[in-house]
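Hello,

Here is the structure I promised to pass on to you. Have a look at it first, and then read my notes below.

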Amino acid sequence: MKYISTRGQAPELTFEEAMLTGLARDGGLYLPAEIPVMSQDEIAALAGLPYEEIAFRVMWPYVSGSFAEEEFKAIIARAYEAFGHDARAPLKQLNENHFLLELFHGPTLAFKDFAMQLIGQLFQVALKRRGDRVTIVGATSGDTGSAAIEAFRGLDAVDVFILFPHGRVSEVQRRQMTTPADSNVHALAVDGDFDDCQAALKDMFNDFDFRDGVKLAGVNSINFARVLAQIVYYFSAAVSLGAPHRKVSFTVPTGNFGDIFAGFLAKRMGLPIDRLVVATNQNDILHRCLSGEGYFKGDTIPSISPSMDIQVSSNFERALYYAYGEDGSAVSQLMDELKNGGFNVSQGTMEALRESFDSGRVSEDETLATIKHTQDHSAELVCPHTAVGIKVAEEHRATDVPMITLATAHPAKFPAAVEKASGEHPPLPSRMSDLYERPERVTRIANDLGALEDHIRRHIAE
Ligand SMILES: *Cc1c(COP(=O)(O)O)cnc(C)c1O
């Protein structure tokens, strides 16, 4: 499989090259040149298989050519062995026709472990084969950072630097980033918000001297390997509710649009997904856009679902690429307009987006009320991101199509909001109960490209 950029001006790469590169050199995001399609029989055959086997069958067409079959199977096995649940992504029923897909049984208690644990193993095998090393820099609104650190800690071919907005991540999220003792792990608290961190990361990738000098690699949700790993659980969940013989819908608590874009690819691969519902908190650029108001940046407002406190959703560019008929120059032009604040979406493009996506927005009070309601009516304590999803899902639920809401984090990752809403303190799973006692290691740093690049240059291993 060859990979192409959404802006049409970067060289075509193999899966391995696209994975190691992250952002394309024309500023775009990599996508497979063609989306592989699975037949209805192939999808039906997934029912009842172990998660790892489903993962292999769904992802293989995307990676073949870069990895050998047995090698890839071993990578998948290692990626998911540290999960605290044999089903990896278990489904739980909330009411008649509404299900929760629990994606928080990985080492850092959020869905990002699904992609990051896989990417860690993929990088290790690819770099070992090349005799090479890289510097991974990531920007996080909380969960990506800890997931990346858990995936790469202790690997000798990699230094990992994580930029997070100082004071804007939960204590559990921060401690998960600052307590790993491995010398290749570097947590950087940036004086700014998540969009500043993300912008600094983009600027580093566009500074080719720096990029080549430190062998920069990205594992943010712009990395196609991240998206790829997330396609798998759409399949595992849908087949356990009767696909391909029955349609299902998904509601996805959304920030950077990576998770829900994986659902879009699952649909294009042949999985009978009826609706893909984008659920946002008060940072609602995607909801406004899908409601026909154009894609215009606002200010990021801190919320109790901080992993979704985003104004620019990087992966939306991938959806726009398909909505604009795979026209790289049109996407390129929109992204130029975005630098000046935003753009309007043409009528035809809106129709293309609405073929797959619905959306809803949830206020802070509604999020708290949904945590309480879910506790009272379904005996589940859910995290605030998941609550945003549940609320929007209930608004979009149809009687004849099961709705699956993605439970993106464990409630113990956001104990303050959960306790405020429910009166119950969500305990950490026992395997990480000493998190609050471990010493922290973090560098506070200005939101300044020069300072960041200088710090990274001075701290990579030779
Ligand atoms: C990252 C994250 C999201 C948003 O996912 P995107 O892929 O960025 O849309 C939602 N919930 C939680 C808990 C997250 O960590």
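Two or more lining residues come from each of helix 1 (15-21), helix 5 (112-130), helix 9 (208-213) and strand 8 (216-217). By class, the lining of the second largest pocket has 10 nonpolar residues, one polar and six charged.

Before going on, some notes on how to read this. The model is predicted, so to speak of local features a pLDDT of at least 70 is needed, side-chain atom pairs count only at pLDDT 80 or more, and totals for chains, interfaces and linings use all residues. Residues are numbered from 1 along each chain as its sequence is written, and side-chain values use heavy atoms, with hydrogens and water left out.

A pocket is an open set of points on a 1 Å grid over the protein atoms alone, where a 1.4 Å probe fits, with protein on both sides within 12 Å along at least five of seven lines; a lining residue has an atom within 4 Å of a point. The volume is the space filled by probe spheres set on the points, which are joined across faces, edges and corners. Nonpolar covers Ala, Val, Leu, Ile, Met, Phe, Trp, Tyr, Cys and Pro; charged covers Asp, Glu, Lys and Arg; the others, Gly among them, are polar. Helices (H or I, at least four residues) and strands (E, at least two) are DSSP runs numbered from the N terminus.

The largest pocket has about 600 Å³ of space. It is lined by 23 residues, and Lys202, Lys297, Val312, Leu338 and Lys339 lie nearest its centre. Helix 8 (194-206), helix 13 and helix 14 (328-339) each supply at least two residues of this lining, and helix 8 gives the most, with seven. The lining of the largest pocket divides into seven nonpolar, six polar and 10 charged residues.

**Helix 13**

Helix 13 (residues 316-323) is mostly covered, with eight of its eight residues buried (buried means under 20% relative accessible area with a 1.4 Å probe, protein chains only). Among them are Phe316, Arg318 and Tyr322. Just after this helix, Gly325 takes a positive phi of about 65 degrees.

Six strands form an open sheet in the order 3-4-14-9-10-13, with mixed pairing (two strands pair if DSSP finds at least two bridges between them). Strand 3 (91-95) and strand 13 (357-361) are the edge strands, and each pairs on one side only.

Strand 14 (residues 403-407) is mostly covered, as five of its five residues are buried. Met403, Thr405 and Ala407 point one way from strand 14, while Ile404 and Leu406 point the other way. Strand 4 (residues 98-102) pairs with strand 14 in the parallel sense over five bridges, and Leu100 stands opposite Thr405. Strand 9 (residues 248-253) also runs parallel to strand 14, joined by three bridges; here Phe250 stands opposite Ile404.

**The whole chain**

The chain has 19 helices and 15 strands, and buried residues make up 63% of its 462 residues. Its C-alpha trace spans about 60 × 50 × 50 Å along the principal axes.

Enjoy exploring!

How values were computed: Buried means under 20% relative accessible area, exposed over 50%, partly exposed in between (1.4 Å probe, protein chains only).
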